[in-house]
Amino acid sequence: MKTKNSAKRILKTAVIQMQSKPYALNENLQLALNLAKEAHDKGANLIVLPELFDSGYCVNDKDADFGLDFKAIEHGELKNESLRALSDFAKSSDTHIVACSIEKTDKKLYDSAYIIPPKGGIVGKHRKIYLWGDEKSRFRRGKKYEVFTLDFGDFSAKVGLQICYEIGFGVGANLLALQGAEVLIYPSAFGKARAYNWDLLSKARALENGCFVCACNHSGEETNAQLKQTLEFAGDSRIIAPNGKIIVQATKLNEVIIAEMDLNEAALQRQKIPYLQDFDTKLTKKGFGKLT
C-alpha cells in the first residue's frame with residue numbers, strides 16, 4: 001500500500017517555443033495564448049513561456065514602453081494587456097503560467113520571470129541577476145534566489161526560476177535546489193551561436209541538482225531595423241529529467257512540448273547521486289568570502 005509520501009505527484013508541464021516579433025505585442029500575445037490553449041487542451045497544468053515573449057527580445061530602444069507594473073497586478077489592477085490576458089487565461093483554464101517580461105518599477109527596469117496561478121495575481125517572481133551583453137545597460141540586476149510552492153490540488157510542487165544566461169551559473173541552481181526546488185524553469189532568448197552551451201548546461205543543471213529542468217527558448221530570428229540588429233535563437237526548448245536525460249525537445253518555430261513529470265523522481269535521483277547532500281555550503285561561503 002502506498003503511503004502519502006510515496007504516491008506519485010504527476011505534474012503535466014508544457015514548454016512553449018515561439019518566434020516573437022519586436023514591438024508586436026498583440027501578435028506575440030495572441031500567438032502565446034493560442035499555443036497555451038493547445039497546451040491546456042492536451043492536459044497541461046503548468047505552462048512555460050520564453051523570455052520577453054510579449055515584447056520581443058530586440059526592443060532596446062522601447063524597453064520602458066513595454067514594462068509591466070507587477071505591483072498593480074498584486075493589488076488586482078490589471079492595467080497591462082499581457083498581465084490581464086495571462087491572468088484571465090490562468091483562471092479560465094485552471095493552470096499555472098510561468099512567463100517572462102520587462103518589469104517596470106519607479107524608473108527601474110528588470111528582466112523578470114513570474115508565476116500566475118489559477119486564481120490570478122502573481123505567486124512568484126525572479127529578477128534576472130546575471131545579465132548578458134547589452135542587457136547590463138537595459139536592466140537592473142535582481143538580488144534574490146527564491147523557491148515558490150505551487151498548489152496543484154492533490155499535491156504541491158517547489159519551483160525555482162532562472163532566466164537564459166543564468167543557466168551557465170551553476171551556483172544559482174544549487175542555491176534553489178538546496179532550498180528544496182524540484183523543478184528549475186529557464187525562460188530564455190538563447191542565441192544559436194551558443195547552442196552547444198544550451199545543450200550541455202541544461203542537462204548539467206538537471207543532473208547536478210536532481211531537478212527537472214524546463215528550458216524554454218525563442219526560435220527563429222528577430223530583426224530590429226531601427227537598431228540594425230538581427231539575432232538568431234537556438235530553439236531546442238526541452239524538458240529534462242533529474243538524471244540529465246532529455247524527455248522531450250522542440251524542433252519547430254512555434255511548438256508546444258509536454259511531459260508528465262513525477263516529482264518524486266527528484267528525491268530518488270538525489271539518493272542515487274547525493275550531490276546536494278554532500279554540498280559543502282560552509283566551504284563555499286568561505287571561498288566566496290575570499291573573493292570579495
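So, burial: of the 292 residues of the protein, 52% count as buried, where buried is under 20% relative accessible area, exposed is over 50% and partly exposed sits in between, using a 1.4 Å probe and protein chains only. Before I go on, this is a predicted model, where local features need pLDDT of at least 70, side-chain atom pairs count only at pLDDT 80 or more, and totals for chains, interfaces and linings use all residues. Residues are numbered from 1 along each chain as its sequence is written, and side-chain values use heavy atoms, with hydrogens and water left out.

Okay, the overall picture. We've got eight helices and 14 strands; these are DSSP runs numbered from the N terminus, helices being H or I with at least four residues and strands E with at least two. The radius of gyration is 18 Å, close to the 19 Å from the globule rule for 292 residues, so the protein is as compact as a globular protein of that length. That radius is taken over C-alpha atoms, and the rule is 2.2 Å times the number of residues to the power 0.38. The C-alpha trace spans about 55 × 50 × 40 Å along its principal axes. As for contacts, meaning heavy atoms within 4.5 Å, take those with a separation of 6 or more: 69% come from residues 24 or more positions apart.

Now the sheet I want to show you. It's open, has six strands in the order β6-β7-β8-β9-β12-β13, and the pairing is mixed. Two strands pair here if DSSP finds at least two bridges between them. At the edges stand β6 (147-151) and β13 (246-249), each with a single partner strand, so one side of each has no neighbour in the sheet. From one strand to the next, the twist averages 20 degrees.

Let's zoom in on β8, residues 183-187. On one side, β8 pairs with β7 (residues 156-161) in the parallel sense, over three bridges, and Gly160 has Leu184 as its bridge partner. The chain gets from β7 to β8 through helix α5 (residues 170-178), in a right-handed β-α-β crossover. Right-handed means that, with the strands pointing away from you, the path from the first strand over the helix to the second runs clockwise.

β8 also runs parallel to β9, and five bridges join them; Tyr186 is partnered there with Ala215. Helix α6 (residues 195-209) lies across β8, β9, β12 and β13, at about 30 degrees to β12. For angles, axes are lines fitted to C-alpha atoms, for helices over the stretch in contact, and the range is 0 to 180 degrees between N-to-C directions.

Last stop, Glu81, in helix α3 (residues 81-93). Setting aside neighbours within four places in sequence, Glu81 is in contact with Leu25, Asn26 and Leu29. Its C-alpha is 23 Å from that of Ser219, 138 residues away along the chain.
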